[in-house]
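Subject: Two-chain model for you

Hi,

Here is the model I promised to pass on.

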Amino acid sequence: MADIVNDFTVNIATANGTGSQSANLILLHSMFEMGVPVSGKNLFPSNISGLPTWFIIRASDEGYQAPGDFTHIQVVMNKDTWLADVEKAEPGTIIIHNMDVKLPVEREDCIVLGMPMTKMARAINPKLARMIANMYYVGALAEILGIEDSAIASAVIQQFRGKEKAIELNLQAISEGRGFARENWNCDIGYSVAARDKDPNTFLIEGNEAAALGCIFGGINMLSWYPITPSSSLAESIISWLPKLREAEDGGATCAVIQAEDELAAVGMVVGAGWAGGRGMTCTSGPGISLMSEFIGLAYFAEVPGVIWDVNRVGPSTGLPTRTQQSDLTMLYEASHGDTQHIVLIPGTVDECFEFGWRSFDVAEQFQTLVFGFSDLDLGMNRWVTAGFEYPDQNLDRGKVIRTQEQLDAIENFGRYRDVDGDGIPYRTLPGSGLEPILYRGTGHDEDGVYSEDPEVYAATVARLKRKIEGARDKLPAPVMREENDKQVGIIYYGSVENTITEIDDILESTTGMKVSTCRVRALPYHSEVERFIAEHDQVVVLEINRDGQLFGILRKELPVEHLSKLYSVAFSDGIPPRARVYAEMILQTLSGDTKEVIA
Amino acid sequence: MSMRAIKLNVIDLPKADYTGGPSSLCPGCGHDQISNVIIQAAWENGISPERIAKMSGIGCSSKTPAYFLGKSHGFNTVHGRMPSVTTGANMVNKDLAFLGVSGDGDTASIGIGQFIHAIRRNLNMVYIIENNGVYGLTKGQYSATVEKGSKKKKGATNENPPIDLCKMAINLGCGFVARSFSGSKKQLTALLRAALSHKGMAIIDVISPCVTFANNDESYRSYNYVKGNEEELHTVDYIPHFTPIEEVEVPEGQFEDISLFDGSTLRLETLGDDHDPGNPVAALAAIHEAEENDKHVTGLLYYDSEMKTADEALGLTDTPLVDLSEDELRPSKAALKELNQSFRA
């Protein structure tokens, strides 16, 4: 059979808590080690142990990182989803199953390959058989796909760093799995991997860890957090890297870490740290933002800097805590009661998670306001490729802080909330400095910070705040654009859709000849380049992973009215990372005026 | 030309440097008396106003930071959340003296979680509760600290048992727990001066009558009621570390000296039964006993100086984090290079 090389999807069905994550990461890393462009998606349950988990590995020379529209190889290990996993397989799928799960695989239209994985695992280590069994499908896949031994070994060593016994045991199981497949199966299955030139600088990392490192390089002074999936690993990464990267000469910590009693306290601590002149940050997910909203309004109105990372999960309410979505955008942009508007930085890659990690503190202090980093579970908790993080290209920007009497004297008629420079950003002094002390408040205040209910004072204050945030537009990260000469259709998107956009673009072109320009928004309020992009295209689709078209709504509210008739919303989310074909079809239907609901 | 002598404190500042703006509370409000005590105590202790951070939540009491220490930065935050804001500020600038003012609605209801956790962490601050048993700004609803059987000016008698914040603080292991009365200026001043000399969380629950909604005789927190039903554990004298001890009046009865963190002393002069402030069970018993008899027990209920503060427990570097330089905040280029390399390996 002629092989399809580096272009297939493997779906591995296991139960949560059985050690399959190690096996899956070994597969992912071994292929990455060979230079195969590969991505992995972990679809895990909100559960410690027992509920079903699927891990999707996609190899693609095209560099496609979406889960893929078809499964080519299905590994079934979990008895609870066994029958459904087997039934769902398309004709021709290769089904690899653990024969020790005594369940049928009645699919004559598929290539069914069985291996007594648990039994073989028990023979080498009875105690750990349940976990080791997973390594047999690693061996089987390595054999049928042609993953090199050296790549496997390197991935195993990386996974079990320093644990010699574990390395030895797992390598033995993989080797036995490989041997069994070679001796008992026809391994000519039609799919294989081929080594590619690997950029030696590249490595895989989760978005949350990248953001965490960015925060550390951004000079974070205080991390307050309350555990919530999928943001906990961001906080835990900061905690684990601080001792190595941020210890003072006297051995003391330069960043305080507090696990707060709830999200309300976590954000209160951020506000307190910012008020006192420090760089405070918290990370959470949608439910946390809901709880933090009151404080977010205080920080906006009293003009206190701070950073909040929101790693979006599926809402509303508790929703699907371990699935991905882009549904918090509107909430972040306008969080809290009254008229508010917040700066949102939206990374689409792990490199940007790192960059926006440090940059968010500069932006917060520059504009004296809360800044959101907006990521999602897909970007935050899955592993993505980077060629290495780049060092910040500018010094810390501490904003307009008056630190000396001379600086204070240089300002005529100082007031905490007086717009001296005409950019809406006032100067501030810090507690402890003795310079122009004021009582910060969430109540109405005049330019000197004194309580006021005066209508003119209030109107002027909120108008200045609006001007201040408006002024941020073109100082925030500009959109990333790829423009066709023929500017018929443009797609606006953001965040983790970056991982699917190339494939969507290719599907549109290969099926209809349509050539689309793309524009990835990287911050709110959106950059003026976004408006130019819209102005220059005939039809503009706003593509996002939610139900209601949240960025579409923001654009519709803020764009000049003449642009509105060319805007189309394509928004869909089922909790699974976006599959290109689903979105491509929705785009085509939307542009053709077919309004019937699209079901994935 | 006549000369007028101005009294200066130990750092040569007049009391005027510790005052604030005019109060907008009701005339006669207990909270204003507490504000005056705060001014007096901070001045007498000779704390530089710029080193103090005034923190509050929302409510009548939380408005008062505008009325004292006008030369200190302050933050009138959101309802019940003063402790978390103070925590964040304390983490990045541990050298500030944090003075929090809260009310019974702010602390015992909406903010009870933050109150508890600030104690649990032993946040280095003075936490004053201006406790009148009613919500004033929203026109006189009962709060959670009001005694069972107490009746405000309008409406029914309260039938719910009170949340006693001192009991709660003692049970949570707070190292400095006192109760006082806004009408007992001498006692409150001494206790506040001692609290300002303490390292760690110092809680003073101050009964502070609401003259508008609950100053009727059926209210257990009215002036008349508290005056007739206050039971002082001891009389208290504060002896600052910068005054030679010989100059202080020596009481005739028995006394016990408490040595405070900054070298000052709180002298407790026994009145009736001996109260041991090092014994949490005795402190709880005194509160329970007073509660049984519809009395208010005041004084230093519990004291323990041995606990690590929140900032100490985190092992922060000696310099307050807000004063760190860019070099100390941002790891080097070499560190990033090494980091990238470690991921590639």
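Predicted model: local features only at pLDDT ≥ 70, side-chain atom pairs only at ≥ 80, totals over all residues.

Residues are numbered from 1 along each chain as its sequence is written, and chains are lettered from A and ligands numbered from 1 in the order in which they are written.

Still on chain B: its C-alpha trace spans about 75 × 55 × 50 Å along the principal axes. Of its 345 residues, 54% count as buried (20 or more other C-beta atoms within 10 Å of the residue's own; 12 or fewer is exposed, in between is partly exposed, and C-beta atoms are placed from the backbone). Among contacts in chain B with a separation of 6 or more, 71% come from residues 24 or more positions apart. A contact here means C-beta atoms, placed from the backbone, within 7 Å.

Now the place where the chains meet. On chain A, 54 residues are in contact with 48 residues of chain B. The elements of chain A that each supply at least two residues to that side include β9 (203-206), α7 (207-217), β10 (222-225) and α10 (286-302). Helix α9(A) gives the most, with 9 residues. By class, the chain A side has 31 nonpolar, 17 polar and 6 charged residues; Ala, Val, Leu, Ile, Met, Phe, Trp, Tyr, Cys and Pro count as nonpolar, Asp, Glu, Lys and Arg as charged, and the others, Gly among them, as polar.

Strand pairing also links the two chains. β19(A) is joined to strand β2 (residues 73-76) of chain B by 3 bridges, and the two run parallel. (Strands pair if DSSP finds at least two bridges between them.) Look for A:Leu439, which stands opposite B:Gly74 in β2(B).

Within chain A, there are four stretches to keep track of: domain 1 (4-192), domain 2 (205-386), domain 3 (401-473) and domain 4 (480-591). The bounds come from an automatic or database domain assignment. The C-alpha centres of domain 1 and domain 2 of chain A lie 35 Å apart, and 7 residues of domain 1 are in contact with 6 residues of domain 2. On the domain 1 side, strand β3 (residues 38-43) of chain A gives the most, with 3 residues. That side has 3 nonpolar, 3 polar and 1 charged residues.

Further along chain A, strand β24 (residues 539-544) is mostly covered, with 5 of its 6 residues buried. Strand β21 (residues 489-494) of chain A runs parallel to β24(A) and is joined to it by 4 bridges; A:Ile492 stands opposite A:Val542 there. β24(A) also pairs in the parallel sense with strand β25 (residues 567-571) of chain A, over 5 bridges, and A:Leu543 has A:Val570 as its bridge partner in β25(A). The chain crosses from β24(A) through helix α18 (residues 550-558) of chain A to β25(A), a right-handed β-α-β crossover (with the strands pointing away from the viewer, the path from the first strand over the helix to the second runs clockwise).

Last, some backbone details. Most residues other than glycine have a negative phi, and most peptide bonds are trans. Here are the exceptions I noted:

- A:Thr229 to A:Pro230 is a cis peptide bond, with omega near 5°, and A:Pro230 sits in the loop between β10 and α8 (232-245) of chain A.
- A:Gly315 to A:Pro316 is also cis, with omega near 0°; A:Pro316 lies in the loop between β13 (306-312) and α11 (329-333) of chain A.
- A:Ser317, in the loop between β13 and α11 of chain A, has a positive phi of about 55° although it is not a glycine. A:Ser317 is exposed, with 8 other C-beta atoms within 10 Å.
- A:Asn6 has a positive phi near 50° and counts as buried, with 22 C-beta neighbours inside 10 Å.

Cheers

Note on methods
Contact = placed C-beta atoms within 7 Å.
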